[in-house]
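Subject: The structure we talked about

Hi,

Have a look at it first, and then read on for what turned up.

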Amino acid sequence: MREFFWFSSSSDKWEKGKKIALRYDEYNAKGVITVLDIEVNRTIVFTWGEEHGEGTVVTITFIEDDSNTIIEVVESGLKEDDPEVVAKMMGQKEGWVYTLTCLKGYLENGVTNLRASLIH
């Protein structure tokens, strides 16, 4: 069984330099990311949104703190002169908060029904 907490399917294993197609069944959507870097248990860096001319870089960092792991998500590259930049930033922030909340529920409590695509 494959387990996904963020998307429904991935076209390939995430490795540096690969273009990966992600599918989100609950939204009937798909997108392509380019993996820029992966350091196991430390960081994942990728770009997304290029197909819409609005590419950003996402850096996910895993910070170990005693018996906990802190997950930091930084998304950069939004265009400051875009009149919709604040709305886009808020939408992205809300998406990351939702995704991380689902991950926390899954990892800490085995919750599998927060998202339609949580477990496959």
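Which residue follows α1, and is its phi positive or negative? The residue after α1 is Gly110, and its phi is positive, near 70°. Please keep in mind throughout that this is a predicted model.

**Overall layout**

The protein contains 6 strands and 1 helix, and along the sequence they come in the order β-β-β-β-β-β-α. Of its 120 residues, 29% are buried. Among contacts with a separation of 6 or more, 23% join residues 24 or more positions apart.

**The helix**

Helix α1 covers residues 85-109, which is 25 residues. From its first C-alpha to its last it reaches 35 Å, close to the 36 Å expected at 1.5 Å a residue. Its buried residues are Val85, Trp96, Thr99, Cys102, Leu103, Gly105 and Tyr106. An α-helix has 3.6 residues a turn, so residues three or four places apart point the same way. You can see that kind of spacing in Trp96, Thr99, Cys102 and Tyr106, which are among the buried residues of α1.

**The core**

The largest nonpolar core has 13 residues, and the members that touch the most others are Trp14, Leu22, Ile33, Phe46 and Trp48. At least two residues of this core come from each of β2 (19-24), β3 (29-39), β4 (43-48) and β5 (56-65). In soluble globular proteins, nonpolar side chains tend to be buried together.

Leaving aside neighbours within four places in sequence, Leu22 is in contact with Phe7, Ser9, Ser10, Trp14, Ala29, Lys30, Gly31 and Ile33.

**A threonine to look at**

Thr56 sits in strand β5. Why does Thr56 count as buried? Because its relative accessibility is 4%, and the cut-off for buried is under 20%. Not counting residues up to four places away in sequence, Thr56 touches Phe46, Thr47, Trp48, Glu75, Ser76, Gly77 and Leu78. With one of these, Glu75, there is also a polar contact between the two side chains, at 2.6 Å.

Happy to go through any of this with you on screen.

Best wishes

Methods: Residues are numbered from 1 along each chain as its sequence is written. This is a predicted model: local features need pLDDT of at least 70, side-chain atom pairs count only at pLDDT 80 or more; totals for chains, interfaces and linings use all residues. Side-chain values use heavy atoms; hydrogens and water are left out. Helices (H or I, at least four residues) and strands (E, at least two) are DSSP runs, numbered from the N terminus. Buried means under 20% relative accessible area, exposed over 50%, partly exposed in between (1.4 Å probe, protein chains only). Contact means heavy atoms within 4.5 Å. A nonpolar core is a set of buried Ala, Val, Leu, Ile, Met, Phe, Trp, Tyr and Cys residues joined through side-chain atoms within 4.5 Å. A polar contact is a pair of N or O atoms within 3.5 Å; within protein, one must be able to donate a hydrogen and the other to accept it, and residues adjacent in sequence count only if both atoms are side-chain atoms. The expected span of a helix is 1.5 Å times one less than its number of residues.
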